[in-house]
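Please open the structure in a viewer and follow the stops below in order. Each stop names what to select and then describes what is found there.

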Amino acid sequence: IMLFKRMNNLSVIIALLSMGLITSCGYTMRGSLNLPASLSDISVYSSKYSVLVNSINETLINSGMNVTNSNDKTMHRIVILSERFNRRQLSMSISGRVNEYELIYDVQYEINLPNEKNLSDSITLYRDYSFDENNVMGNSDREDDIKTEMISTASTLIFNKLRAYAK
């Protein structure tokens, strides 16, 4: 029993030391957002309904920021100017049927910080998937999943650009 208590105490000490070392080196969990304190209030705006705006808002709110959809130019803002999905044929079978499609996601956006120059940028993401004409519902689900993943990736890229621009 005494050996078990020593092992238990030793494992607690090792766990605490490990956590201390990991956090002291600047490690953060994936998906956590470390923005400057000056960005406590931010507006995420788009003139049209946008799933990308919803994704950005969700992450900002989860990180403790006050988020609005105001177009007030005196606030810190992320403005989604346009976003568009395109699909094109990537390859065809001998019989002339589509084997693969490529999804293309284009996003045009601006980051506006008060008293600073606006940063205009764009993101273009490409993903391909195989198409099975015998499983149309499965193809539709796969395409929806890929679109969701592309929106999430674009959201992360915009956060990284915001963090770099706001410093």
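The structure holds two aromatic pairs (rings of Phe, Tyr and Trp, the last by its six-membered ring, pair if their centres lie within 6.5 Å; planes under 30 degrees apart count as stacked, over 60 as edge-to-face and the rest as tilted). This is a predicted model, in which local features need pLDDT of at least 70 and side-chain atom pairs count only at pLDDT 80 or more, while totals for chains, interfaces and linings use all residues. Residues are numbered from 1 along each chain as its sequence is written, and side-chain values use heavy atoms, with hydrogens and water left out.

**First stop: Phe85 and Tyr105**

Select Phe85 and Tyr105: their ring centres are 4.2 Å apart and their planes stand at 15°, so the pair is stacked. Phe85 belongs to strand β3 and Tyr105 to strand β4 (residues 98-112), so the pair ties together parts that are 20 residues apart in sequence. Strands (E, at least two residues) and helices (H or I, at least four) are DSSP runs, numbered from the N terminus. Tyr105 is buried at 0% relative accessibility, whereas Phe85, at 27%, is partly exposed (buried means under 20% relative accessible area, exposed over 50%, partly exposed in between, with a 1.4 Å probe and protein chains only).

**Second stop: Tyr101 and Tyr129**

Next, select Tyr101, which is buried at 12% relative accessibility, and Tyr129, which is buried with a relative accessible area of 4%.

The charged end of Arg87 sits over the ring of Tyr101, 4.0 Å from its centre, and that of Lys147 sits over the ring of Phe85, 5.1 Å from its centre (NZ of Lys or CZ of Arg is within 6 Å of the ring centre and within 35 degrees of the ring normal).

Select Lys147 and Glu143 next; their salt bridge has its closest N and O atoms 3.6 Å apart. Lys147 and Glu143 are four residues apart in helix α3, separated by about one helical turn. Salt bridges that share partners join Arg87, Glu143 and Lys147 into one network.

Technical notes:
Salt bridge = Lys/Arg side-chain N within 4 Å of Asp/Glu carboxyl O.
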